[in-house]
Amino acid sequence: MQQHAMIRLEGVTKVFYTDDLETHALDGIHLDVGKGEFLSISGPSGCGKSTLLALLGLLDAPTEGRYLLGGDDVTTLAPVARARVRNERIGFIFQAFNLIGDLTVQQNVELPLTYRHGMGGDERRKAALHALERVGMSHRVNHHPAQLSGGQQQRVAVARALAGKPSILLADEPTGNLDSRNGEAVMNLLRELHRDGSTICMVTHDPRYADYADRKVQLFDGRVVDENTLIDLSSRRAAKA
Amino acid sequence: MRGFIEEMRAAIAGLARAPAFTALAVGVLGLGLGAVIFMYGAADTVMMKPPPYPDADRLYTIATIDGQTPGDYDDSMLPQDYLKVREAATQFEPLGSIYVGTAYMTGDGQAERYDGGFADGHIFEVAGVAPELGRTILPRDTIGSAAPVVVLSHALWRERFGADPDVIGRTVRVNGKSSEVIGVMPEDFTFPSTADLWVANQQDATRLPRGEAVDVSVFGRLREGGSLDVAQQELAPVAAAIKAEAGAQAFNGNFELVPIAAGFIGDEGATLIWTLLIAVGFVLLIACANVSNLLLARSAYRVRETTVRSALGASRGRLVIHMLAEGFVISALATLLGLLLASIALDGMQLVVFRLMDDSPSWWRFAVDYRAATVAVAAALLATLLAGLPAAIRASRPSLDALLRDGGRTGTGHAIGKIAWTLVVFEVALACLLLGTSALMTKSVLNATSTDVGVETDDIMTARVGLTVGTYLERADQIRFWDTLVQRIQAQPGIQSVTVANALPGHGTGDGPVSVEGRDYGDVSTKPFVNHVTVSPSYFDTFRTKPVQGRLFDTRDTRDSMPAIVINEFMAKSMFPDESPLGARIKYDLAEEDMWFTIIGVVPDVIMDEDGAIDEGAYISVLQRPERFMHIVVRGEGDPRSLVAPIRTALAQTDPDLALYWLRTFDESRMIRTAGFRIVGTMFAVFAGVALVLAAAGLFGVLAFHVGQRTREIGVRRALGADDKRILRMVMRASGVQILLGVAIGMTLLPLMGRSLGDILGDVSPYDPGIYGMVVAVMIAVAIAATLTPTRRALQIDPAAALRYE
């Protein structure tokens, strides 16, 4: 399945500084994600899952190390270039959906496309409708988010992430705010997208949903560990507590 | 550009979905912009807008600036001085003079009084407007021996002559002289102020003594390529020569070229208008701070949305445009509202000015025009940037990773709170400054406009009548006229008492330096200035004033007897502090007659000047030193207006060529006389009121935002056992420091602002402790009122609900 690295992290470290504290959220991460791969990232609270996803999504920059996206070094891009890469190559699915309440479903899905240079109104509308059809929400284009169920909102959020035909989809606990039925539905949708060729990185703490992925990455204290090591480290920490 | 249009569209849609927020922001900014547009429109009309004459930008008037009293500005000069100026001036094409006075027209019925322009032979050339019929006044018409001529205004031609095209050549009687109609001016022509007709000014300036000539206003058009600097420089030697020839007592000033548009308000008027412009600038800044706070609060509630937009690829610039777009839409709507409010206010101003200020220039048209609209758009753009930028910049730096770390809750409220906090301090300081300035001005205006001038003015009717130049040549004739008129009015039914006076109390008087016999004041600049009013003997009886020392005028005081004068208590105390003034002799140094007056009595102080101040004042009998133009003051029974008919009857019996004008009750007359003060005072009061409301709204908004942002925290504190007192202290501390800091800054700047008003404040001190105390008290009261609702809301927070609060 894996062809060549869509994402490559080389020795990525992220340190947060406060007045008198230095917190190593990520510590020398090496990670390759191939084109078309479905990767899940798991680990206990505070292990650095969200920080890793933020770096992958160019929402934040690493303190050290290198980030190659599709072969391009995006580690030290200027803010405007980072915004353009986010807009053209990355699709986000958030735990809290993060739809804009004032906008209709159609407008929400079109929103990232309005930031894209050279895309006309008709083209945007077509792309948005197509994305909504893919997630089965094309019959709700004129609704506002508040008029939708949680599951429906997340499907719209998925459509928004898809509309711009991004290179990768980053999903942060996409089922975290959903009941199990809606959670299953969203995961099935992601699986379909993956089958259609999408590259997906998903953060989840739920092992049921991690199983949907081709590959599972475990994080512990900012490092990538294998599953056995994770179990061992977690049980030792529990015993110490 | 496409992005901008999209953001504008999104902003319109977003604001439409938040009608309460939009209405509040548009209302607040609209008020501020309305104040600015209105004030600019008014200032532009009276100071900057060129009058409707050809090459108006080259039209100047020559003002006389008193060398002894800084800022003492007179827009006229003696005709003798005008001749000298005219001789020396090389930079003007035409230079002409005019004064507007009374012109009686008779011949086909009862005499009627009109505003007459007494023009030299050049003033129409200065105006540059050709007559509609016939010709205008030429230099040859102004020679004393020339046949009298009259030029009619279009309105007078239509109303009195039925727009007869053959009116040229007809003879009418103007000021007792048969005059030939030589021209009719086009509709709406006036120069410089409204006049119904124009006659030739036949004063022979080469032979008249300085004291007997009527002042003229001088206007000129700078010749093409002429130098304003050279023109100004040419005036200095003329002033020096006049001073050398006439003496420093008679003339001790300079001439100054003033653009015609600004020539009618003088330096003091200009200072007032600039102060008002600063005041509305403050109002706009306060409004901007308020809208900025509203936008900040909105951005705080929308921080999640902004963060999502950024995560989806919106650049920082795009986010700034996104946030500014709402500011633009609000400003555009506020501009429309401001234009509407300003238009209504300027219409009102037009009505008030033309009803109450009859000497205002004819070209003053208070309306929103393209100049005001341009200023409105510029002010709106500035307001957008001032109000929108803090929120836009703040919102353009969202904490993106917070979307992942805490599910979209982002923590910009604290930073926004700091900006909002600072803005409120700024607002309170500005409101404090504006309230203090307005209070100082309002006190000054109240002093000036009080109808209580120190005498009983109820039931009094006033009118004016004048003996025009060229009639009643001998003083004895003038005395006889006034004496006869008073007696005839007194004989009419319903009249209790009647008097004539050349100035009414509180309406302004003549004044001048006086000498006291036996005292050496040295230079004229050290001599006391004393107001003087010429009255008939019944003046004190009509105003029900009793002497406190000596006697009043009576039958002993005639043209041939010892010149008598009655002084006020203020003068008695200031000039004769250790002696009785009775029997002392004083002389007005600048009077045309070298006459020593003996003080025969002292009367209580009455306000003489328009500014409401009490100064040295004296009364002279019209039967000893007559004046040509006098007010008739009649006290009668019942409605004062019922006294008009008896006065008319008596005047017609005395001289049918004369007509009454300015028929007003005393209080009406005083109101009209002080209209300028009232208008300015009202404007200050309105601007201060708006500033107070805006500052209170700002404080309320920020505190409400503060409480809203801290709802969860307050809930936690409640859950941990904090009582009402602690919550109250927490909320009040947040607003108390802001208010105290703002008031402290405002009160520190207030003396500077007060001092800059200078003489405009009259007797009111720029450090008036009562006003300072009032400002602090009002600001604190307003602040407390503004904090009540948010404080109550904070006290009512339910801990369980607050902990669920997002």
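Reader: What conventions apply here?

Author: Residues are numbered from 1 along each chain as its sequence is written, chains are lettered from A, and ligands are numbered from 1, both in the order in which they are written. The model is predicted, and local features need pLDDT of at least 70, side-chain atom pairs count only at pLDDT 80 or more, while totals for chains, interfaces and linings use all residues.

Reader: Where is confidence lowest in chain A, and where highest?

Author: pLDDT is the predictor's confidence in each residue, from 0 to 100. Where pLDDT is low, the predicted coordinates should not be read in detail. Chain A averages 86, and 92% of the residues score at least 70. The lowest mean in chain A is 61, in helix 8 (residues 227–240) of chain A. The highest is 94, in strand 4 (residues 64–69) of chain A.

Reader: How many helices and strands does chain A have?

Author: Helices (H or I, at least four residues) and strands (E, at least two) are DSSP runs, numbered from the N terminus. Chain A has eight helices and 10 strands. Chain B has 22 helices and 22 strands.

Reader: Which elements of chain B touch chain A?

Author: Start with contacts: two residues qualify if their C-beta atoms, placed from the backbone, lie within 7 Å. Here 20 residues of chain B contact 23 residues of chain A. Helix 1 (2–16), helix 8 (303–311), helix 9 (316–356) and helix 11 (402–405) of chain B each give two or more residues to that side. Helix 8 of chain B gives the most, with four residues.

Reader: How do helix 5 and helix 6 of chain A pack?

Author: Two packed helices are described by the angle between their axes and the distance between the axes. Axes are lines fitted to C-alpha atoms, for helices over the stretch in contact, and angles run from 0 to 180 degrees between N-to-C directions. Helix 5 (residues 150–163) of chain A and helix 6 (residues 180–195) of chain A pack at about 20°, with axes 9 Å apart. They are therefore roughly parallel (under 35 degrees; over 145 is roughly antiparallel, 65 to 115 roughly perpendicular, the rest oblique). Residues in the contact include Val158(A) of helix 5 of chain A and Leu189(A) of helix 6 of chain A.
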